[in-house]
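Okay, hi everyone. Let me put the model up, and then I'll walk you from the overall fold down to a single residue.

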Amino acid sequence: ALDFGAGMGRNCDYLKKEFQAVTAFDTHEMVENLNKTGKNYNFISSEWSEIEHRRFDLIYECTVFQHMPPQEVLYRLMQMKFVTSYLYMTTRTYNDMFRQSGQGGVNILKLIDSLNSWDLVDISIDEEEARKSMDETHYSMLWKVRS
């Protein structure tokens with residue numbers, strides 16, 4: 001499994017119980033902090049070039065996309081489809097990058113749909129409500145790369 005946005009490794013610790021190998025990916029600063037914890041993961045990186053030749057059963061993303069610029073989310077999703085078949089994410093209904101500038105947010109589910117590269121397999125709340133909502137509701141989704 002790949003923990004995208006691993007932070008201090010909380011979710012990596014859980015993933016280690018479920019998967020044979022866990023890779024942690026985050027910004028350079030966060031990877032340095034994670035390395036200082038002394039936790040043992042199979043691979044830790046802040047460089048996608050070190051990730052893109054690997055293959056993962058699952059990529060796990062927890063409340064990372066909601067804080068990234070939408071164009072970067074789309075870019076990362078396009079990269080991810082080449083290294084996994086499944087993406088499990090926990091997020092809220094909107095991406096808040098534009099809210100700070102007064103331009104409003106972007107609905108995460110609609111953003112992912114716009115790629116036409118991922119199929120929604122499961123969602124923890126009503127799908128239609130998630131497509132319309134721009135509130136603080138957090139929910140989980142499982143996506144499969146479209147074949």
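So, overall size: a compact globule of 147 residues would have a radius of gyration near 15 Å, and the protein chain agrees, because its own value is 15 Å. That's taken over C-alpha atoms, and the globule rule is 2.2 Å times the number of residues to the power 0.38. The C-alpha trace spans about 40 × 35 × 25 Å along its principal axes.

Quick caveats: this is a predicted model, where local features need pLDDT of at least 70 and side-chain atom pairs count only at 80 or more, while totals for chains, interfaces and linings use all residues. Numbering runs from 1 along each chain as its sequence is written, and side-chain values use heavy atoms, with hydrogens and water left out.

The chain has 5 helices and 9 strands, meaning DSSP runs of H or I with at least four residues, or E with at least two, numbered from the N terminus.

Now zoom in on D119, which sits in strand β8, residues 118-123.

Leaving out residues up to four places away in sequence, D119 touches L142, W143, K144 and R146, with contact meaning heavy atoms within 4.5 Å. W143 is 24 residues along the chain from D119, with 5.5 Å between their C-alpha atoms. With R146, the D119 side chain makes a side-chain polar contact of 2.7 Å (N or O atoms within 3.5 Å; within protein, one able to donate a hydrogen and the other to accept it, and sequence-adjacent residues count only if both atoms are side-chain atoms).
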